[in-house]
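Biologist: Please take a close look at the sheet in this model, and start with its setting. Give the cut-offs as you go.

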Amino acid sequence: MTTNKTKIDTLVVGAGQAGVAMSEHLSRLGVPHLVLERKRIAEAWRTGRWDSLVANGPAWHDRFPGLEFEGLDPDAFAGKDQVADYFEAYARTFNAPIRTGVDVTQVVRNSDRPGFTVQTSDGVIEAQQVVVATGPFQRPVIPPIAVQASSVQQMHSAAYRNPQQLPEGAVLVVGAGSSGVQIADELQRAGKQVYLSVGAHDRPPRAYRNRDFCWWLGVLGEWDAETMQPGKEHVTIAVSGARGGHTVDFRKLAQQGMTLVGLTKGFDNGVVSFEANLAENIARGDENYLALLDAADAYIARNGLNLPEEPQAREILPDPQCLTQPLLELDLAKAGVSTIIWATGYSVDYSWLQVDAFKDNGKPKHQRGVSSEPGVYFVGLPWLSRRGSAFIWGVWHDAKHVADHIVKQRTYLNYRDASQRQAEHQASSQPVSLMGAR
Ligand SMILES: Cc1cc2nc3c(=O)[nH]c(=O)nc-3n(C[C@H](O)[C@H](O)[C@H](O)COP(=O)(O)OP(=O)(O)OC[C@H]3O[C@@H](n4cnc5c(N)ncnc54)[C@H](O)[C@@H]3O)c2cc1C
């Protein structure tokens, strides 16, 4: 460890979209700050996703207010590298003070003076504020039911890149949120036999009556919902911008040859078992889909909008056999399954952040990103302030709130009472009077 010690007012850890947004607001408000990023700007978009991933929202929506995607149709879906390029370009627009290749390894509150001592792979930093922008999706989570010893290759969706990477044979994809459903679709189109384990999900229409679902969730106020509906904690959202964007339709995937199964329950001697809840999960997803169409129709009627009717959006395909007679068990060897892909989400890693800002369950204790440890802030987490918080269009607004809070606190801390002001004034005027005496 070098002895190099830097002092900075505000340290931002992580230069994904959350860190870049934070830096923009701090720059605008004149707060001296530094962003440390262990890899590169927007690394998660660059190397942490599968090759064909495109943004889930169209380019006009999945961006920050200050910059459009260059050379991209506003209704198109940016590829993952275009998203990474976008954030790099964005950071350049305001000359963001980002240092890449620096890992923050420890943050502790100073015991004898304000602020924090930050250990990094490139020396020690003293910071008055620390903003944690390390992302909600850090550690891939594979549930404990996963088979321990098996001839089947297993990977998390974070490690999936493309169909060529997988060995010959069928694939079981566990989890049918946006990642699982897109990966399953890609593998099936590449000629693989795919089993897709479907849990509770929402599946908004990709577009309805000439408006993308991002627009609908915006005008209907759903992105701004401040609390998750009770019971929705484990409900994923199945949307896709792949191939120009289409509504996720599980019956259509089954028609293409995919076998849908219920929630994965466990493994025993090479046999995987599934909950008997496939029909219920699909029905709930349909309900969510139709409810959005209803809300959109009501919005159009109430506001007298001239948007074309789309009755065909309400047509639901007949139930496939895998839905009416669902598989409750699958012998992996007999079915020729050579790979299991766990599209089962992520958790966070705050082992380096040794401050009093966490609940008993390890989750950050905060209000709109302002943590219970004065001077520590979080941005980019799901539901930090609202439904949109972990997404590109939401994090920018949360970062603005956090930056405003930092400025308010700095104003308090910079306050000097009359005697302090006088002492400071005298100290600063002394050299002048000395010069005059010569
Ligand atoms: C598969 C997938 C697809 C998604 N698609 C979309 C989409 O289409 N639209 C959308 O709005 N959202 C999408 N999201 C959600 C979200 O926008 C992304 O996950 C986004 O990357 C989160 O940005 P972030 O800045 O909060 O975190 P990250 O992008 O993960 O950035 C955090 C950064 O912190 C760095 N870091 C971590 N720890 C340290 C440390 N100790 N020291 C230094 N640096 C550190 C990391 O290297 C990383 O670069 C998607 C998420 C996933 C998983």
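**From the ligand to the sheet**

Modeller: Around the ligand are 31 residues, and G14, G16, G135, G380 and F391 come nearest. A residue is near if its C-beta atom, placed from the backbone, lies within 6 Å. This is a predicted model: local features need pLDDT of at least 70, side-chain atom pairs count only at pLDDT 80 or more, and totals for chains, interfaces and linings use all residues. Numbering starts from 1 along each chain, as its sequence is written.

By class, the ligand shell has 14 nonpolar, 10 polar and seven charged residues. Ala, Val, Leu, Ile, Met, Phe, Trp, Tyr, Cys and Pro are nonpolar; Asp, Glu, Lys and Arg are charged; the others, Gly among them, are polar.

Next, the domains. The assignment, automatic or from a database, gives domain 1 (5-138 + 348-413) and domain 2 (140-342). Their centres, taken over C-alpha atoms, are 30 Å apart. Domain 1 puts 17 residues into the contact, and domain 2 puts in 19. On the domain 1 side, six are nonpolar, eight polar and three charged.

Now the sheet. It is open, with five strands in the order β8-β19-β9-β10-β15, and the pairing is parallel. At the edges stand β8 (153-156) and β15 (259-261); each has a single partner strand, so one side of each lacks a neighbour in the sheet. From one strand to the next, the twist averages 20°. Strands (E, at least two residues) and helices (H or I, at least four) are DSSP runs, numbered from the N terminus. Strands pair if DSSP finds at least two bridges between them.

Take the pairs in turn. β8 runs parallel to β19 (residues 337-342), with four bridges. Here Q153 has T339 of β19 as its bridge partner. β19 also pairs with β9 in the parallel sense, over five bridges. A170 is bridged to V337 in β19. Another four bridges join β9 to β10, again parallel. V174 stands opposite S197 of β10.

β9 has four of its five residues buried, so the rest of the structure largely encloses it. Buried means that 20 or more other C-beta atoms lie within 10 Å of the residue's own.

Finally, the helix. α4 (residues 178-189) lies across β9 (170-174), β10 (194-197) and β19, at about 170° to β10. Angles run from 0 to 180 degrees between N-to-C directions, with axes fitted to C-alpha atoms, for helices over the stretch in contact. Contact means C-beta atoms, placed from the backbone, within 7 Å.

Definitions and conventions:
Contact = placed C-beta atoms within 7 Å. Buried ≥ 20, exposed ≤ 12 C-beta atoms within 10 Å, placed from the backbone.
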